[in-house]
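Reader: I would like a close look at a single part of this model. Please keep it brisk.

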Amino acid sequence: MIENSQSKPNMMRPTAPTSNHISLVTTPRKILCGVLAGLAIITIYSLATLDNANLNISDAFKSLGTNLNAMFLHPTVGQDSWSLLLHALLTSVALAMLTTILGAIIAFFIAVGAARNLAPTWLATTIKSVMAFIRAIPTILWVLIYSAVMGLGASAAVVGLTFHSVAYLVKAYSESIEETSSDTIEALKASGVGFWAIIFQAVLPSIIPALLSWTFIRFEINFANAVAVGAAAGADDIGYYLFMAGNFYFNFHEVGLIVYLLLGVAIILEVVSMHLRSHYLDHN
Amino acid sequence: MLKVIQLDKTYGSNKHSLQSVNFTAQPGEVTAIIGPSGAGKTTILRSINQLIRDDSGQILLDDTDIRQANPAELRKIRHHIGMIFQNYNLISPLTALENVLHGRLGAKSTLAGMFGLYSNEEKQEALELLDEVGLKDYAYQRCDQLSGGQQQRVGIARALMQHPKMILCDEPIASLDPKSTKIVMDILRRLAKEKQLIIMINLHQVDIAMDYTDHIIGINSGMIVFEGATSTVDDQVLQQIYRQADPQAVTANEN
């Protein structure tokens with residue numbers, strides 16, 4: 001008897017309709033409709049029972065207009081100096097860069113253990129579950145947790161941001177590693193090549209475009225996080241001055257200026273990433 | 001000389017994929033393994049360098065039993081067994097030259113292997129091997145820009161870079177057009193003679209096996225049903241090798 005000649009078990013095949021009445025409504029579709037209906041009911045209920053706290057809509061919009069006008073049409077430096085704000089902005093960029101690079105290096109080595117085509121299944125599953133748990137808790141919370149351990153300041157921000165970056169990048173990296181064909185890995189294994197040589201000579205060159213692109217996305221996320229974290233951990237970066245201007249001095253002119261500065265950096269990052277993509281990554 | 005004695009391999013409960021497989025392959029000869037799909041051709045080939053672990057038997061390469069080797073010894077033995085594949089299995093973003101140099105990675109220390117540190121002599125040798133398979137001008141070409149036949153020749157050069165005693169070829173021409181097939185088979189036959197290599201090839205195409213090989217092993221349902229010089233193979237032998245072949249299984253695996 002030849003192995004292939006045995007018929008395959010057909011448990012995966014959906015059963016054909018037997019009765020005369022043929023329905024196109026399958027169980028997944030029923031579930032989908034049920035979920036959508038449930039969400040619609042919740043939305044209608046919460047809109048109907050909304051507590052407006054005696055808000056005067058026209059007054060509210062008027063003061064919103066005044067505030068937006070102060071923020072975005074009349075931005076000024078406020079009580080801080082230009083050099084202070086620019087220095088703080090640079091601190092935020094540096095914070096994002098440091099945590100991304102640290103996170104990327106640590107994440108690569110952990111990702112090797114989390115890739116199913118390289119590591120034993122139990123190890124990959126364990127690492128992936130731990131990383132999913134870390135990722136599920138927002139970056140800000142990790143920074144606050146580390147602030148409690150290490151005290152407020154830049155070091156708590158660095159450790160907290162790196163921690164969450166590692167968890168994020170391990171997922172991205174390990175999935176990229178899993179996409180390298182196991183055949184090419186097998187080819188080198190068959191010629192007696194050791195584990196780390198395979199990682200650095202075969203796996204890494206195949207996935208460098210994906211790694212760079214994920215790392216850059218994480219850099220953008222880390223910049224946004226660095227701003228938020230600066231306020232929370234008092235890391236003396238632009239987020240801290242944004243927080244002080246908005247919540248402490250109520251200087252909306254300065255808030256506007258800081259928002260423009262952040263926007264500028266975000267645009268620069270976007271342009272750099274597009275440039276990188278078109279010149280270095282899309283040559284496959 | 002490669003000597004395989006009483007090799008057995010079962011998958012699952014009692015399905016034999018290899019049953020008492022015995023054969024020998026001589027240096028300087030091209031040996032083909034032919035047989036219907038699912039007969040165990042790939043299992044035999046991959047057992048030889050222990051990519052597939054078998055249940056019992058002996059695999060003697062120059063009187064060393066590969067099955068008894070510990071992991072470190074196995075790496076050393078594998079370094080002297082080249083392997084080429086149906087899908088070439090090159091690292092496609094790297095250049096042809098870099099891929100050929102990968103043949104030396106198995107002989108390197110962990111650090112030198114990690115950072116890909118090659119001596120000038122090794123680079124020189126890699127270039128000469130590329131020249132030998134007619135691809136010297138493509139040394140700096142990325143492998144994904146080469147044709148299938150060219151990639152397979154890079155694969156052969158990579159195997160030669162290992163200074164092999166033996167080259168295992170797993171369906172090396174299944175994805176190639178007739179012209180590339182001829183080039184690749186000519187190179188393999190020439191190498192066997194010139195370098196006194198043991199070359200073992202899994203083949204689907206009987207006509208290619210008849211034209212290019214010296215020795216044929218016919219296998220059916222995990223058992224060897226014929227072993228002998230290619231010149232002694234006739235229609236009756238072929239019928240014996242391919243008997244009972246389930247036509248559906250053959251077509252399903254042919255692509």
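Is B:Met83 buried or exposed, and how many C-beta neighbours does B:Met83 have inside 10 Å?

Author: First, the ground rules. This is a predicted model, where local features need pLDDT of at least 70, side-chain atom pairs count only at pLDDT 80 or more, and totals for chains, interfaces and linings use all residues. Residues are numbered from 1 along each chain as its sequence is written, while chains are lettered from A and ligands numbered from 1 in the order in which they are written.

B:Met83 counts as buried, because B:Met83 has 29 C-beta neighbours inside 10 Å. The cut-offs: buried takes 20 or more other C-beta atoms within 10 Å of a residue's own, exposed 12 or fewer, and partly exposed lies in between, with C-beta atoms placed from the backbone.

B:Met83 sits in strand β6 (residues 81–85) of chain B. Strands (E, at least two residues) and helices (H or I, at least four) are DSSP runs, numbered from the N terminus.

Now its contacts, meaning C-beta atoms, placed from the backbone, within 7 Å. Leaving out residues up to four places away in sequence, B:Met83 touches A:Ala187, A:Ala190 and A:Ser191 in chain A. In chain B, B:Met83 touches B:Asn49, B:Ala159 and B:Leu168. B:Gly28 is 55 residues from B:Met83 along the chain, and their C-alpha atoms are separated by 17 Å.

Next, the chain contact. Chain B puts in 38 residues and chain A 22 residues. On the side of chain B that touches chain A, β6 supplies at least two residues, as do β2 (15–25), α2 (71–79), α4 (110–115) and α10 (247–254).

Note on methods. Two residues are in contact if their C-beta atoms, placed from the backbone, lie within 7 Å.
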